[in-house]
Amino acid sequence: MRGIRLSAGLIIVLIAVCSGCITESCDHPGESMAVITLYETDNNETTVIDSLTIYGVGMDDLLIYDNSKTGKIELPLNPASDCADYVIVNGLIHDTLKITYTATHHFISKACGYSFLYTIGNVSYTKNRIDTILIINNSVNPSDEENLRTFF
Amino acid sequence: MKKICALFFSLTSVISWAGTFQSDTTKTEKALIFGFDIAGLAINALNNDITCYEGCISYRMNHKYYGVVEAGYGSYDYSQYNYTYSNNGYFARIGIDLNMLKPEKDPGNNYVGVGLRYGLSIFNQETSSLTYENYWGEYYGTIPDSKGSAHFLEFVGGVKAELFRNVLIGWSLRLKLLLSSSFGDDNRPVNIPGMSETDGGINPGISYYIAWQIPFNSRSK
């Protein structure tokens with residue numbers, strides 16, 4: 001039984017050795033963004049816009065998209081507010097989009113901390129270039145799922 | 001993490017190889033064993049942000065089976081660049097230990113075995129600061145203090161040796177599995193008193209007990 005006594009004592013050494021084995025890193029899943037797909041009203045098919053500029057209202061010096069050619073938009077929401085307002089410039093025509101939502105903090109991991117999830121309640125927009133915006137999925141999370149469908 | 005898991009499984013493998021289940025009919029004194037976990041004190045000495053006071057009472061039914069109740073108090077503080085978290089509360093575990101030593105080879109009070117625990121923790125937690133930065137700027141917030149509970153399972157492997165007559169020391173390595181938490185997924189605890197951290201599916205833990213054994217009688221072993 002000397003072996004048992006020895007092992008009962010030596011475990012302290014193992015604890016000290018293994019205390020340095022655990023490493024923590026943040027494998028961040030990414031920010032929850034409202035995913036908007038772009039469609040043509042005429043044929044109800046997806047489209048790609050050649051020159052799209054988007055920025056937050058009052059944030060025109062910080063562009064989210066800058067004359068980008070894209071068929072899908074990902075918009076950051078503001079966790080400090082219950083709505084976010086954007087200016088969407090398609091060619092030279094300006095529209096505004098307001099997304100109203102509730103924000104919920106979400107614990108990711110010890111290393112990453114918290115992120116936010118959102119539930120879209122409503123959208124309102126001008127119709128200068130935009131025809132219709134539909135809410136497809138009101139749950140905004142780090143996945144790439146479509147939330148809004150915009151018809152031009 | 002992987003190294004600790006590998007260490008645990010290698011130790012339990014050795015335990016399984018070294019021991020063979022013995023007959024339940026072997027006469028061994030029934031006993032109550034009172035223990036205190038000094039691993040919590042050692043961890044607290046190394047890290048002031050973690051406190052854990054834990055005791056256990058086990059009932060030796062025979063040479064093979066031990067009924068075990070463990071209970072304690074824990075608190076935890078953690079801070080990093082984007083949040084500050086704290087919790088404190090009480091926990092209890094109930095379960096059974098199986099001694100794998102053959103009684104004919106070790107008729108004494110030593111123990112090498114495995115066990116299973118069900119744990120319940122009732123505690124408060126608070127995120128006193130939370131910052132988050134994105135396109136719209138920096139968000140500052142808190143998650144206020146709230147009370148809740150968590151249920152978990154532990155798989156235990158360890159040894160105890162009789163240092164002096166009826167005085168035992170021993171350690172156990174534990175794999176802890178969170179079953180559920182009343183805080184929900186969005187406010188999942190960083191740490192749970194009695195279970196430690198919640199990242200990953202199964203988390204390791206360790207106890208190092210000093211225990212005092214009270215035999216019920218002095219019948220033959």
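Let's start in chain A, where strand E1 (residues 33–40) and strand E11 (residues 148–151) pair in the parallel sense over four bridges. If you want one pair to click on, take A:Leu38, whose bridge partner in E11(A) is A:Thr150. Bear in mind throughout that this is a predicted model.

E11(A) has another partner too: strand E9 (residues 132–135) of chain A pairs with E11(A) in the antiparallel sense, again over four bridges. Here the residue to look at is A:Leu134, which has A:Arg149 of E11(A) as its bridge partner. So much for E11(A); on to the next group of strands.

Strand E7 (residues 93–109) and strand E8 (residues 113–125) of chain A pair in the antiparallel sense over twelve bridges. Between E7(A) and E8(A) there are three residues, and the two strands form a hairpin. Within this pairing, A:Thr100 stands opposite A:Asn122 in E8(A). E8(A) is also joined by two bridges to strand E10 (residues 139–140) of chain A, and these two run antiparallel.

Is A:Asn90 buried or exposed? Its relative accessibility is 11%, and because buried means under 20%, A:Asn90 counts as buried. What does A:Asn90 touch once its neighbours within four places in sequence are left aside? The contacts of A:Asn90 are A:Ile49, A:Ser51, A:Leu52, A:Arg129 and A:Phe152.

Finally, the empty space. Rolling a probe the size of a water molecule over the atoms shows where such space is left. In this structure there is one cavity of 30 Å³ or more, and the largest cavity has a volume of about 140 Å³. Its lining is made up of 16 residues, and those nearest the centre are B:Asp97, B:Arg117, B:Lys160, B:Ser172 and B:Tyr209. By kind, the lining residues of the largest cavity divide into seven nonpolar, four polar and five charged.

Which strands supply at least two residues each to that lining? In chain B they are strand E2 (50–60), strand E3 (65–80), strand E5 (111–134), strand E6 (137–164) and strand E7 (167–181).

Notes. Residues are numbered from 1 along each chain as its sequence is written. Chains are lettered from A and ligands numbered from 1 in the order in which they are written. This is a predicted model: local features need pLDDT of at least 70, side-chain atom pairs count only at pLDDT 80 or more; totals for chains, interfaces and linings use all residues. Side-chain values use heavy atoms; hydrogens and water are left out. Two strands pair if DSSP finds at least two bridges between them. On a 1 Å grid over the protein atoms alone, a cavity is a set of points where a 1.4 Å probe fits but cannot get out, and a pocket is an open set with protein on both sides within 12 Å along at least five of seven lines; lining residues have an atom within 4 Å of a point. Grid points are joined across faces, edges and corners, and a volume is the space filled by probe spheres set on the points. Ala, Val, Leu, Ile, Met, Phe, Trp, Tyr, Cys and Pro count as nonpolar, Asp, Glu, Lys and Arg as charged, and the others, Gly among them, as polar. Buried means under 20% relative accessible area, exposed over 50%, partly exposed in between (1.4 Å probe, protein chains only). Contact means heavy atoms within 4.5 Å.
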